[in-house]
Amino acid sequence: MSLSDLVMEDGYTCPRCRGNLSYKETNGIVVIKCDNCGWKKEVKKKMPYKFEVFQDRKDEFRFRMVAPNGQIIATSEGYTQKQSCLDTIDSIQKYAGGAQIVEVEK
Ligand SMILES: [Zn+2]
């Protein structure tokens with residue numbers, strides 16, 4: 001990971017003193033800190049993966065998770081309400097990282 005992978009609005013030097021920045025990532029949150037003056041900022045790590053929301057042939061809302069190489073990793077069921085679709089994406093973003101993998105018998 002390099003600084004250019006992060007969501008940065010202020011360029012790559014300290015906005016206060018133009019000093020060098022160092023960064024530390026914890027659970028997708030990156031703390032950027034100036035080595036010189038102690039200026040600090042927390043940003044969300046920019047992930048190259050995305051959720052695409054679309055309407056299918058039955059006009060239901062679905063999402064798919066797409067990798068940087070264009071591969072579709074997961075596709076959802078259809079939702080009649082767009083908000084339900086967005087809520088599910090929200091749940092995945094919040095909880096998927098810690099979810100257990102459970103094998104279910106046939
Ligand atoms: Zn500084």
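Biologist: Why does Asp59 count as exposed?

Modeller: Asp59 has 8 C-beta neighbours inside 10 Å. The model is predicted: local features need pLDDT of at least 70 and side-chain atom pairs count only at pLDDT 80 or more, while totals for chains, interfaces and linings use all residues. Residues are numbered from 1 along each chain as its sequence is written.

Biologist: What makes Arg18 count as exposed or buried?

Modeller: Arg18 has 11 C-beta neighbours inside 10 Å and therefore counts as exposed. Its place is in the segment before β1, and its phi, near 65°, is a positive value in a residue other than glycine.

Biologist: What does the secondary structure of the protein come to?

Modeller: It comes to one helix and six strands, running β-β-β-β-β-β-α from the N terminus on. Helices (H or I, at least four residues) and strands (E, at least two) are DSSP runs, numbered from the N terminus. Of the 106 residues of the protein, 7% count as buried.

Biologist: Why does strand β3 (residues 40-44) lie largely in the open?

Modeller: Of the five residues of β3, the number buried is zero, so the strand lies largely in the open.

Biologist: What is the order of strands in the open sheet that holds β1, and which are its edge strands?

Modeller: The order is β1-β2-β3, with antiparallel pairing. β1 (21-26) and β3 are the edge strands, since each pairs on one side only. The twist averages 25° from one strand to the next; axes are lines fitted to C-alpha atoms, for helices over the stretch in contact, and angles run from 0 to 180 degrees between N-to-C directions.

Biologist: What makes β4 and β6 edge strands?

Modeller: A further open sheet of three strands has the order β4-β5-β6, with antiparallel pairing. In that sheet β4 and β6 (72-75) each pair on one side only. β4 and β5 pair over six bridges, and in β5 the bridge partner of Val53 is Phe63. α1 packs on this sheet, touching β4 and β5, and its direction makes about 25° with that of β5. Two residues are in contact if their C-beta atoms, placed from the backbone, lie within 7 Å.

Biologist: How is the reach of helix α1 set against the expected value?

Modeller: The expected span of a helix is 1.5 Å times one less than its number of residues. Helix α1 (residues 82-95) has 14 residues and reaches 20 Å from its first C-alpha to its last, close to the 20 Å expected.

Biologist: Why is α1 called hardly covered?

Modeller: The count of buried residues among its 14 residues is one.

Methods
A residue is buried if 20 or more other C-beta atoms lie within 10 Å of its own, exposed if 12 or fewer, and partly exposed in between; C-beta atoms are placed from the backbone. Two strands pair if DSSP finds at least two bridges between them.
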